[in-house]
Amino acid sequence: MNINFNYFDNQESFLKYATNKEIKYLIFVASLTDIIIEDFNKNSIEFFGAIFSHIIYKNKLYEKGLISIEITKELNLDFIKNTKDYKFANSKYFESKSIITIFDGFSENSEKFLIKLFENIGFNTNIIGGGAGLLEDKAKKAFFSNEGFFSHSAILLFLNEKINISSKHGWEYLSGPYIVTSTKKNILKSIDYTGAFELYQDVIKEDCGLTLTKDNFLEISKTYPLGIIKYTGDEILRDPISFENSNLVLITEIRANSIVNILKGNKDNLIDAASQAAKEALDENSNLALIFNCITRKNFLEENFEEELNSIYTEIKTNNMIGVITLGEIANHGNRYLSLLNKACVIGGI
């Protein structure tokens, strides 16, 4: 299956290219790129898009620019303005072999929406995707179309061909296991009946000698995710992004009675994990590598992140690689349950 895509360094360059008024576009936009809805509408371009901190084109990371995907007859797209009340009542959910899914990384509706999506797809349908939005600007509306900007939204791109999917993280055990004893959505209140922040802080201080504060929290916590232990498959990571009194604030939800470890990052192990994911997802039939890579994974790797991209890029027989930096990632393989991930590298081979 061929997917027509292009990279542009700004909206003006894209509009000069997009002269065929019969083509719809899916657009991934990097955070420093201005999107002016009126200019799209003046050119009679039908479009649907989402905003991310960075986009990936070939083996490079861009904080400015956009990637456009042409919605041809082989593809089908749903733009869902509000996921809270969305009704899954269409045969394409059962007929599609793969669904690329972009959801709101900060919306409290997203996890319930993804569960409903999984419940309404065909038995062997693959799902891959990630969360849109900006970690440094949680209030910014991350979705847009000809009608304007939206939050609590989602984009579903339906394919009639299987996407080969692999997800890896590479984080290592540091401490645990612990029982999550109190939560409220993405607020982790207590672990082993102890304030979650106090326990987390004590483990980190013992490991690296540093005390967590409001000023240094993100810089230190990016090395120490939580890993929810699963009895079938890899740990599912959760990303602490701040604390409130004795509570830890995570990017995504965590449930009471989960069993967790505190993990630690090693840059070489993360890069090796991404390379292994590429080997699993990409084969001689892959024309395109599609990447969903977590923002805090990128922040941890820093200048080594392009080394991770290169480890993926070398596995592609063509030079076609696009992706986004996400707030949470999703991946499932046919009848395996859909997993909402953090700090993972998710790769689809198309």
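Two strands are said to pair if DSSP finds at least two bridges between them, while helices (H or I, at least four residues) and strands (E, at least two) are DSSP runs numbered from the N terminus. This is a predicted model, in which local features need pLDDT of at least 70 and side-chain atom pairs count only at pLDDT 80 or more, whereas totals for chains, interfaces and linings use all residues. Residues are numbered from 1 along each chain as its sequence is written, and side-chain values use heavy atoms, with hydrogens and water left out.

**The sheet and its helices**

Six strands form an open sheet with mixed pairing, in the order E5-E4-E23-E22-E26-E13. Strand E5 (60-62) and strand E13 (164-168) stand at the edges with a single partner strand each, so one side of each has no neighbour in the sheet. From one strand to the next the twist averages 20 degrees. Strand E4 (residues 55-57) pairs with E5 in the antiparallel sense over three bridges, and Ile-56 stands opposite Leu-61 in E5.

Helix H7 (residues 267-281) packs on the sheet, touching E13 and strand E26 (345-349), and its direction makes about 165 degrees with that of E13. Helix H9 (residues 305-313) lies across E4, E5, strand E22 (289-294), strand E23 (321-326) and E26, and runs at about 130 degrees to E5. Axes here are lines fitted to C-alpha atoms, for helices over the stretch in contact (heavy atoms within 4.5 Å), and angles run from 0 to 180 degrees between N-to-C directions.

**Backbone and burial**

Most residues other than glycine have a negative phi, and most peptide bonds are trans. A cis peptide bond joins Gly-176 and Pro-177, with omega about 5 degrees, and Pro-177 is placed in strand E14 (residues 172-184). Two residues other than glycine with a positive phi are listed here.

Lys-58 counts as partly exposed because its relative accessibility is 27%, and Asp-192 counts as partly exposed at 32%; buried means under 20% relative accessible area, exposed over 50%, and partly exposed in between (1.4 Å probe, protein chains only). Asn-109, in the loop between strand E8 (98-104) and helix H4 (110-119), counts as buried at 13% relative accessibility. Leaving aside neighbours within four places in sequence, Asn-109 is in contact with Asn-82, Thr-83, Lys-84 and His-152.
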